[in-house]
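Reader: I am new to protein structures and would like to learn how to read one. Could you take me through this one slowly, from the overall plan to the details?

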Amino acid sequence: MISVRTDLAIEAADIYKKENNKDADGITIKEINKENNKITIVKILNESGSEKIGKPIGNYITMEIPEFTAYDGKMMSNSSEVLGKVLKDFLKIQKKDTVLVVGLGNIRVTPDALGPKVVENIMVTRHLSDVMPEALDESVISTCALSPGVLGVTGIETFEIIKSLVDKIKPSVVICIDALASQ
């Protein structure tokens, strides 16, 4: 049998199901359709589920956006808003929280540049509550972002950079964005 490599929990769960003719114990999968965007939430609940699909215990969100043939700014804006709402609801983010967005990957290597490219477009607001609090409405959450580069460029493990930053600023949530291998 050919071994298929995937970073996506939803694909790993699907591969397990096809190979074993049953769903993996210790895993729940929920699909949501919002404004032409398919969102799948995979929850790996225990070690049994983790071992079966080879992913750590945790929550994995996959969003499939509508197909497009050329850059469609309206569709991309709509999909971004949908993802923001899903994350806010799923993570139970409150006004008082701080969100750290980390763009993983190498900006100089096109297939690995997703994380750094996304960070370039994040509206960072953490500093604004001190500088101009009157300009922030209730929908604005304290957000900061970082693209730490990769070990081969920095000489520092990315985890060490992120952990140091988390220890210092103590965000409520860390969202890591990375390019992944998929089917």
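Author: We can begin with the order of elements along the sequence, which in the protein chain follows the pattern α-β-β-α-β-α-β-α-α-β-α-α-β. Please keep in mind throughout that this is a predicted model.

Reader: How many helices and strands does the protein chain have?

Author: The protein chain has 7 helices and 6 strands. For the overall dimensions, one can look at the box that the C-alpha atoms fill along the principal axes, and here that box is roughly 60 × 40 × 35 Å.

Reader: What can I say about the inside and the surface of the protein chain?

Author: One begins by asking what share of the residues is covered, and of the 183 residues of the protein chain, 32% count as buried. The accessible surface comes to about 12000 Å², and carbon and sulfur atoms account for 53% of that surface.

Reader: Next I would like to understand the sheets. In which order do β1, β2 and β3 stand, and is their pairing parallel or antiparallel?

Author: To read a sheet, one notes the order of its strands and then the sense in which they pair. Here the 3 strands form an open sheet in the order β1-β2-β3, and the pairing is antiparallel. Its edge strands are β1, residues 27-34, and β3, residues 58-64, each of which pairs on one side only. From one strand to the next, the twist averages 15°.

Reader: Which helix packs on this sheet and touches β1, β2 and β3?

Author: Helix α1, residues 9-20, packs there, and its direction makes about 70° with that of β2. Helix α3, residues 73-91, also lies across β1, β2 and β3, but runs at about 30° to β2. If you wish to follow the strand pairing itself, β2, residues 37-44, is joined to β3 by 7 bridges in the antiparallel sense, and one example is Val-42, whose bridge partner in β3 is Tyr-60.

Reader: Which residues of α1 are buried, and what do they pack against?

Author: The buried residues of α1 are Ala-9, Glu-11, Ala-12, Ala-13, Ile-15 and Tyr-16, and they pack against β1, β2, β3 and α2, which covers residues 47-53. The length of a helix can be checked as well: at 1.5 Å a residue, the 12 residues of α1 should span 16 Å, and this agrees with its end C-alpha atoms, which are 16 Å apart.

Reader: How is the other sheet, with β4, β5 and β6, arranged?

Author: That sheet is also open, with 3 strands in the order β5-β4-β6, but its pairing is parallel. The edge strands, each pairing on one side only, are β5, residues 142-146, and β6, residues 173-177. Neighbouring strands of this sheet are turned by 20° against each other on average, direction ignored. Strand β4, residues 98-103, runs parallel to β5 and is joined to β5 by 5 bridges, and Thr-98 stands opposite Ser-142 in β5.

Reader: How should I read a positive phi when I come across one?

Author: Lys-92, in the loop between α3 and β4, has a positive phi of about 55° although it is not a glycine, and Lys-92 is exposed, with a relative accessible area of 59%. Lys-170, in the loop between α7, residues 158-169, and β6, has a positive phi of about 50° and is not a glycine either; with a relative accessible area of 60%, Lys-170 is also exposed. Just after α1, Asn-21 takes a positive phi of about 55°.

Reader: How many disulfides are found in the whole structure?

Author: To decide, one looks at the distance between cysteine sulfur atoms, and a search of the whole structure finds 0 disulfides. Cys-144 is in no disulfide, since the nearest cysteine sulfur, that of Cys-176, is 12 Å away, and this distance is too far for a bond.

Conventions:
Residues are numbered from 1 along each chain as its sequence is written. This is a predicted model: local features need pLDDT of at least 70, side-chain atom pairs count only at pLDDT 80 or more; totals for chains, interfaces and linings use all residues. Side-chain values use heavy atoms; hydrogens and water are left out. Two strands pair if DSSP finds at least two bridges between them. Helices (H or I, at least four residues) and strands (E, at least two) are DSSP runs, numbered from the N terminus. Axes are lines fitted to C-alpha atoms, for helices over the stretch in contact, and angles run from 0 to 180 degrees between N-to-C directions. Contact means heavy atoms within 4.5 Å. Buried means under 20% relative accessible area, exposed over 50%, partly exposed in between (1.4 Å probe, protein chains only). The expected span of a helix is 1.5 Å times one less than its number of residues. Accessible areas come from the Shrake-Rupley method with a 1.4 Å probe; for residues, only the protein chains shown count as cover. A disulfide is a pair of cysteine sulfur atoms within 2.5 Å.
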